[in-house]
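Open the model in your viewer and keep the residue selection tool at hand. The stops below go one by one, each with a selection and a note on what is there.

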Amino acid sequence: MTRTAQARRIGARVTTALAGLSLVLAGSTAPAVAADEGMIAGTIVLPAGVQLPPDDVLTLEAHYEDYTLATTEVHPDDLSFGLGGIWQDDVQILLTESSGAVADGWVTARSTSWDRADALDVPVGSDLTVHLDEAVAIEGKVAVPAGVRAQRTAVRVSAYGPRRGAGSEAQRATVTAAADGLSYRIDGLRRGEQYDLELWDPSWLLTTGWVVDPGGALVDDESSGSAIAAPGTVDIAPEAAPVLAGTLRLPPGAVADAREVEVIAHKAGSDRVSGAHVDLDPLVPDALAFTIPNLDPEAGYTLSVVDHRSSFATAYVGTQGWTAGAVGARPIVPSSVWLDLRLAEPAAFTGRVVYPTGFDPTRHNPPTVSAYADGEEVATGYAATDGTFELDGLLPGGGYDVRLADSSKQLVAGHVAADGTVVAGTSPVALLEPGPLTVRAALTGRVSVAVSVADGRAPGVKIRAFDDEGQGGEAYVAGSGTAVVPGLQAGRDYHVQISATGYGDGWYAGENRPPSGSPGAAVRAGDSISVVLEPEFSIVPTFTFPAGYCSQSLENTFVHLSRLSTEGWSFQLGMDVDSWMPATFEGLRPRQTYALSISSSDEDVEQEGYVAPDGRVGVPADEAARFTRDARITIPIHLSADSPHVLRSTRAPVLSGTPRVGVAMSASRATWSREGVTTAWQWFRGSAAISGATRSSYVPTAADLGARLTARATGTTAECSAVRAMSAPTVPVAAGVVTSTRRPVVSGIAKVGARLSATAGSWSVPGLTYRYQWLRGATAIHGATGSSYVPSAADRGAHLAVRVTASRAGYTSAGATSAATSAVRSGTITSVKRPSVSGTAKVGRKLTAKVGSWSPGGLTYRYQWYRNGSAIHGATHAVRTVTTKDRGKKLTVRVTALRAGYTSVSATSRPTSAVRR
């Protein structure tokens, strides 16, 4: 059965079960859109008398668990819909409507519900009709407290109910402002359901909370609010919130950017400040409105206004108009009273800083001129290279403490007097009204420092001067040169500190001397001094330990650095001799003398005390090595013989096996004083290590012949260095022994001219080379030294054998003889091509016999001519002249092949034609 057919059968069963309900599934007589595979189609039926607005949006969604499988909008002309592409058999459908004219929610067996637990599982392939219920509303008025204008509020009223579970917002109200207050209406609610109403005012002018009916009062706790049934009418009565709010009226012609304006509430008796929300005033033209919420309703606050674009004066709200500083500000208690503040036109200090002779404004950061009111900075600005400056946004007629500051400390910083001079100190010397102003700057006191770098390099040198209060100035110079330290007060004493990377930090200690470790001679502003910088140096000690030492196991063992002073050696620094980080003493002062010493609380360390020039430990102080420049020194650390900090061999390896070439030897396992030791092996030939011989067993080679062998075991752990144990040497290595395990074998026929071959046989040692000697009886055949041999005539009748001698470097040679052959027989001569006769068979002519071809070579031949098969007496040469006796006869020649040791063989040519006359 297809899924569509199955869905239609399920739909038919549901129709039967829900007969008479307003949701009609497939099989009913209600109008429907034909269902396709993965489709749910249908029609929406509105309540009687309800018309949807033209811009209304009605949407359906198909849901499966947490997934949205399909979404569609309902056709506005016939309210039909189709949800396609659904890949689940059963889904739940959520219907939403934008105008609030009908009650939307999850499609149920009756209509819709905001509780998903009521949702109907709709089979895919269904045709359905959904009858919607008319929505109802909760409405009423919002009473605006006295002193609050409704047009300045931003009231929101929301109904919370079961649409997405209890406590979730169901609908938000439409709020309308009128002359007598505000009215609201919340549409789209379901008849008979209960809702909690919340009022919220983002303008902060009204209190917010949950509505209590009757009366419309607000409470902070949602659980204390009243559940209100829809439809219903509820009037809400919020209170005025305690805030600081009001209108800021701009000066004539001023244009302000609300984003650049700050209104700040300063809580009396506290450092706490609160900022306002500032925007254009919707009710007052050319004005800004501000609100500062969440204030303490019982505390007093002072208000200050700041415009970063200086379109009006920065000031505090005073008891009579505006005041420049906080001292004259008027405390204001938060309330519902709307403040109406007219901002003051801005005034400014404009003028020029007169730079003193010797000050170059193009080489330093520009000085700043600032205006303070009651100790609070109100305006600040930089002076230009020509000295001009402007401080705007000030209150006309206000009294300001004008200050000059210079980050380069070239100019005296302080308060500007009425005559424009600058007075150093912490208290104002005059309160000046905005207007033209000339500031007469003066140079600060200074110290001139001549620096000489001894090694000619050019480090960056920083020079600082401090008085007893830690105040002063600083300057820099690269390498040798003169630095002028500014920012000092004339007539005051200072200590000068000099620092340079690689040359140390120190204090001026006198003319043309290196810096010292503590503040030395004081200098007065206006003085000139000189210092010499010499490079720092380092001492790098390296520590050696007994073989097998286990690193980082010593307890409290240190190398100490001491410096020689007039009181003797003084301790400077200690470092662990057994650390993962090497002990290095760096940055040591030039022209100082240092010594090293060793101390330890570990009972296994045998020597403590000062270190001698040769690295010995434990010498008296007057014999200690004295270091005045870069140095390296090796210091041996001696430990007791049975120290647990050292890995030791408890048994040396013992060799077993005969020291002979080719015979395996082995070393017994070495034992150590600790567990977990890894042992490595090395065999030696005399005192030389044998390449590749790194196992506990070893087979001597020819190179070892006559030498004595030893094996060395090396034990290591992750913590301990290597320790070695050597075996006793062997006696000199003897030559290896070669023995025959199977005698050589001769193959072939014992016959003159027939090749015999010999195998070497089998031997006890591989890698041998072989020599061969063939024997005739017991006599060696001269020159017969190959692995094969061809018997000669001299061998006929004799018995042959072969002797094989096996040899290899480092081994004694050995021989073995094969079994003898049978008596050598005569060789065989074979005619390969029969003899022939050349020449004309005619009386008087010569005929020549050709021997033909024979095997083997080296033969001699005899000839016998025949006349019609009968031997011709005396005709035994290769050439014969035809006689008259031969006329009419046919001639042949018989050739006999001969060779020593071979049986002779004869062959006869074909007959000639009959001899002619």
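Before the first stop, note that residues are numbered from 1 along each chain as its sequence is written. This is a predicted model, in which local features need pLDDT of at least 70, side-chain atom pairs count only at pLDDT 80 or more, and totals for chains, interfaces and linings use all residues, while side-chain values use heavy atoms, with hydrogens and water left out.

**Stop 1: the salt bridges**

Select Arg 110. At 47% relative accessibility, Arg 110 is partly exposed; buried means under 20% relative accessible area, exposed over 50%, and partly exposed in between, with a 1.4 Å probe and protein chains only. Arg 110 and Asp 133 form a salt bridge, with 2.4 Å between the closest N and O atoms. Arg 110 sits in the loop between strand S6 (105–107) and strand S7 (112–113) and Asp 133 in the loop between strand S9 (127–131) and strand S10 (136–142), so the pair ties together parts 23 residues apart in sequence. A salt bridge here is a side-chain nitrogen of Lys or Arg within 4 Å of a carboxyl oxygen of Asp or Glu. Strands (E, at least two residues) and helices (H or I, at least four) are DSSP runs, numbered from the N terminus.

How many salt bridges does a search of the whole structure find? The search finds 20.

Next select Asp 296 and Lys 267, another salt bridge, whose closest N and O atoms are 3.6 Å apart. Lys 267 belongs to strand S21 (residues 261–267) and Asp 296 to the loop between strand S24 (287–292) and strand S25 (301–307), so this pair ties together parts 29 residues apart in sequence. Asp 296 is partly exposed, at 31%.

Then go to Arg 524 and Asp 493, whose side chains meet in a salt bridge at 2.9 Å, N to O. Arg 524 is in strand S43 (residues 523–524) and Asp 493 in strand S41 (residues 493–500), distant parts of the chain 31 residues apart. Arg 524 is partly exposed at 41%, and Asp 493 is partly exposed at 38%. To see a network, select Glu 139, Arg 185 and Asp 187, which are joined by salt bridges that share partners.

**Stop 2: the disulfide**

Which cysteines form the disulfide? Select Cys 550 and Cys 720, whose sulfur atoms are 1.8 Å apart; the cut-off for a disulfide is a pair of cysteine sulfur atoms within 2.5 Å. The structure holds one disulfide. Cys 550 is in the loop between strand S45 (537–544) and strand S46 (557–565), and Cys 720 is in the loop between strand S60 (709–716) and strand S61 (723–726), 170 residues apart. The link is right-handed, with 90 degrees about the S-S bond. Both Cys 550 and Cys 720 are buried.

**Stop 3: the nonpolar cores**

Select Trp 672, Trp 683, Val 738, Trp 763, Trp 774, Trp 854 and Trp 865. Within the largest nonpolar core, which has 62 residues, these touch the most other members. A nonpolar core is a set of buried Ala, Val, Leu, Ile, Met, Phe, Trp, Tyr and Cys residues joined through side-chain atoms within 4.5 Å. A second, separate core has 53 residues, including Val 263, Ala 265, Phe 312 and Leu 437.

**Stop 4: two cis peptide bonds**

Most residues other than glycine have a negative phi, and most peptide bonds are trans. Select Ala 230 and Pro 231, which are joined by a cis peptide bond with omega about -5 degrees. Pro 231 lies in the loop between strand S18 (227–229) and strand S19 (232–233). Ser 855 and Pro 856 are also joined by a cis peptide bond, with omega about 0 degrees. Pro 856 is in the loop between strand S75 (853–855) and strand S76 (860–867).

**Stop 5: two positive phi angles**

Select Lys 409, which is not a glycine but has a positive phi of about 60 degrees. Lys 409 is in the loop between strand S33 (401–405) and strand S34 (414–416) and is partly exposed, at 37%. Finish at Arg 591, not a glycine either, with a positive phi of about 65 degrees. Arg 591 lies in the loop between strand S48 (585–588) and strand S49 (594–600) and is exposed, at 55%.
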